[in-house]
Amino acid sequence: MRSLGIVRKVDHLGRIVIPKELRKSLQIDKGDPIEIFAEDDRIILRKYQVNRACFVTGEVTVDNKELSNGLYISPNGAKVLLKELQDFV
């Protein structure tokens, strides 16, 4: 892990500010979710990205398919969605 030499103080509410240059280089935008891990004596922050999670069920499987709008759907999610659409029509 490379040290950037940037020091930030924790405020009275326990918050720290991630420097703009670092947010920009890691493509972290306002409102993006961040994962927080503790490892030994380190705190690790990582941009949270749901990898291929079905937008209907939340399942993450190798069988999930990416739709044209960028969302993913699992085989089970597709069945649920088809049933709901059939009930709708």
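Which side chain meets Lys47 in a salt bridge? In this predicted model, the partner is Asp32, with an N to O distance of 3.5 Å. Lys47 sits in strand β2 (residues 42–47), whereas Asp32 belongs to the loop between α1 (20–25) and β1 (34–39), so the pair ties together parts that are 15 residues apart in sequence. Lys47 is partly exposed, at 26% relative accessible area. Asp32 is also partly exposed, at 24%.

Strand β2 takes part in another such pair. The side chains of Glu35 and Arg46 form a salt bridge at 3.2 Å, N to O. Glu35 lies in strand β1 and Arg46 in strand β2, so this bridge links distant parts of the chain, 11 residues apart.

Asp11 forms a salt bridge with Arg15. Their closest N and O atoms are 2.8 Å apart. Asp11 is partly exposed at 28% relative accessibility. Arg15 is partly exposed at 49%. In total, the model contains four salt bridges.

Ser74 presents a buried site. This residue occupies the loop between β4 (72–73) and α2 (75–88). Its relative accessible area is 1%, so Ser74 is classed as buried. The Ser74 side chain makes a polar contact of 2.8 Å with the side chain of Glu59. Leaving aside residues up to four places away in sequence, Ser74 touches Cys54, Thr57, Glu59 and Asn64.

Key
Residues numbered from 1 in each chain as written. Predicted model: local features only at pLDDT ≥ 70, side-chain atom pairs only at ≥ 80, totals over all residues. Heavy atoms only, no water. Helix = DSSP H or I, 4+ residues; strand = E, 2+ residues; numbered from the N terminus. Buried < 20%, exposed > 50% of the residue type's maximum accessible area, 1.4 Å probe, protein only. Polar contact = N/O pair within 3.5 Å; in protein donor to acceptor, adjacent residues only side chain to side chain. Contact = heavy atoms within 4.5 Å.
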